[in-house]
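Subject: Handover of a structure, with findings

Dear colleague,

Please find below the structure that I am handing over to you. My findings follow directly after it.

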Amino acid sequence: MEEKFRSKDPELIVIYGRRRIGKTELIARFVRGKPAVYFLADRRPERDLLEEFRGKMSQVLGDESFSKLEISGWLELFKEFLKWWKGGRVIIVIDEFPMLIEDDKAIPSVFQKIWDLELENSQVMLILLGSSISMMETEVLSYRSPLYGRRTGQWKLQPLRFHHLRGFFKEYLRRISLGFTGVSAEFRPIFLSLTQMSRSGITWLLEYSGKASSFMARLNSC
Ligand SMILES: Nc1ncnc2c1ncn2[C@@H]1O[C@H](COP(=O)(O)OP(=O)(O)OP(=O)(O)O)[C@@H](O)[C@H]1O
Ligand SMILES: [Mg+2]
C-alpha cells in the first residue's frame, strides 16, 4: 500500500475480507498523516451520503465552501473535487462499498465512469473496501463487472495463522538480545529475568496450543 501511495500513479485498490478481519483498522493506520478522505457507506438515502462525502472532501480541501456546493450525483462530486484539489497525491476511501451497490445496482457503472473520465489521469488513490466477499468478487472484481480491468491492486485479507507468528517471535527475540547489549551492568539481572519470563511465557503459550516442541526447536536455531 505504501509503495502504491508513493508511485503517484492513479490507483484503484480493492480490499475485502470477512467481518472483523481488520480492514477498517488497516486503512485507518495507512491513511494516518496523509491527505485522505475516509467515507463509510451505510443504508441512508443517496442524498445524505453525498452530503456527508462532500463535507469530508471539504475538510481535506480545507475549504468550507465546497460543502455548500449543489451536487446531484457521484460523478459530479468527484469531478468537482478534482477541480478544487490543488494537486498532489490524495487518498479517497469508500468503506463498505457494497452498501452503495445494495441500494443502487448502477453504482459499479457509475464508478467505472468516475474512474475513466475523472480519476484515471489524476493522482487519486481510490480504495474500495467491503466485507461482502461475494459482492466484491462479482460486482467489483469479476469479468462481468463494469469496473473490470480498472483495479491496480487487490487484497483479500486473511486471518493471522500460527505460522505467521514465527517471523514475529524471531524479530521480538532479536530485539530483546539487541536491547540486552545496551543495558548497564546493574540492570542486567532484572533484564535477563524479564527475558526469561517472556521466553517461558511464549513456551507456555505454545505448549498450551500443542505446538511447542517444533516451534522451540526452530526458535533455538535462530
Ligand atoms: N492489527 C490490529 N491490531 C490490533 N487490533 C486490531 C488490528 N486490526 C484490527 N483490530 C481490531 O479488530 C477489530 C475489528 O477490526 P476492524 O473493525 O478493522 O475490522 P473490519 O474488517 O473492518 O470489520 P467489519 O467487517 O465489521 O467492518 C477492531 O476492534 C479493531 O480495533
Ligand atoms: Mg470495517
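One definition is needed at the outset: a crossing of two helices is called right-handed if the near helix is turned clockwise from the far one by less than a right angle, and left-handed if it is turned anticlockwise. Please also note that this is a predicted model.

Overall composition

The chain contains 10 helices and 5 strands. It has 222 residues, of which 23% count as buried. Among contacts with a separation of 6 or more, 75% are between residues 24 or more positions apart.

Packing of helix α4

Helix α4 spans residues 74–84, and helix α6 covers residues 107–119. Their axes come within 9 Å of each other and cross at roughly 25 degrees. Since angles under 35 degrees count as roughly parallel, α4 and α6 are therefore roughly parallel to each other. In the sense defined above, the crossing of α4 and α6 is right-handed. On the α4 side the contact is formed by Trp74, Leu75, Phe78, Lys79 and Leu82, and on the α6 side by Val110, Lys113, Ile114, Glu118 and Leu119. Sorted by class, the residues of this contact comprise 7 nonpolar and 3 charged, with no polar ones.

Helix α4 also packs with helix α3, which runs over residues 46–61. Here the axes are 11 Å apart and the angle is about 10 degrees, which makes α3 roughly parallel to α4. From α3, the residues Leu50, Phe53, Arg54, Met57 and Leu61 meet Leu77, Phe81 and Trp84 of α4. The contact of α3 with α4 consists of 7 nonpolar residues and 1 charged residue, with no polar ones.

Surroundings of the ligand

Which residues surround ligand 1? They are Arg19, Arg20, Ile21, Gly22, Lys23, Thr24, Glu25 and Ser131. By class, this shell divides into 4 charged, 3 polar and 1 nonpolar residues.

A residue of strand β3

Ile91 belongs to strand β3, which covers residues 90–95. Is Ile91 buried or exposed? A residue counts as buried if 20 or more other C-beta atoms lie within 10 Å of its own; Ile91 has 22 C-beta neighbours inside 10 Å and is therefore buried. Leaving aside residues up to four places away in sequence, Ile91 touches Val31, Lys34, Pro35, Ala36, Met125 and Ile127.

Most residues other than glycine have a negative phi. Two residues deserve mention against that background.

Lys8 has a phi near 70 degrees, a positive value in a residue other than glycine. Lys8 is placed in the loop between α1 (2–7) and β1 (11–16). Because 11 other C-beta atoms lie within 10 Å, Lys8 is exposed, the limit for that class being 12 or fewer.

Glu96, likewise not a glycine, has a positive phi near 55 degrees. The position of Glu96 is in the loop between β3 and α5 (97–103). With 19 other C-beta atoms within 10 Å, Glu96 is partly exposed.

Yours sincerely,
A colleague

How values were computed. Residues numbered from 1 in each chain as written. Chains lettered and ligands numbered in written order. Predicted model: local features only at pLDDT ≥ 70, side-chain atom pairs only at ≥ 80, totals over all residues. Axes fitted to C-alpha atoms, helices over the stretch in contact; angles between N-to-C directions. Helix = DSSP H or I, 4+ residues; strand = E, 2+ residues; numbered from the N terminus. Parallel < 35°, antiparallel > 145°, perpendicular 65-115°, else oblique. Contact = placed C-beta atoms within 7 Å. Nonpolar A, V, L, I, M, F, W, Y, C, P; charged D, E, K, R; others polar. Near = placed C-beta within 6 Å.
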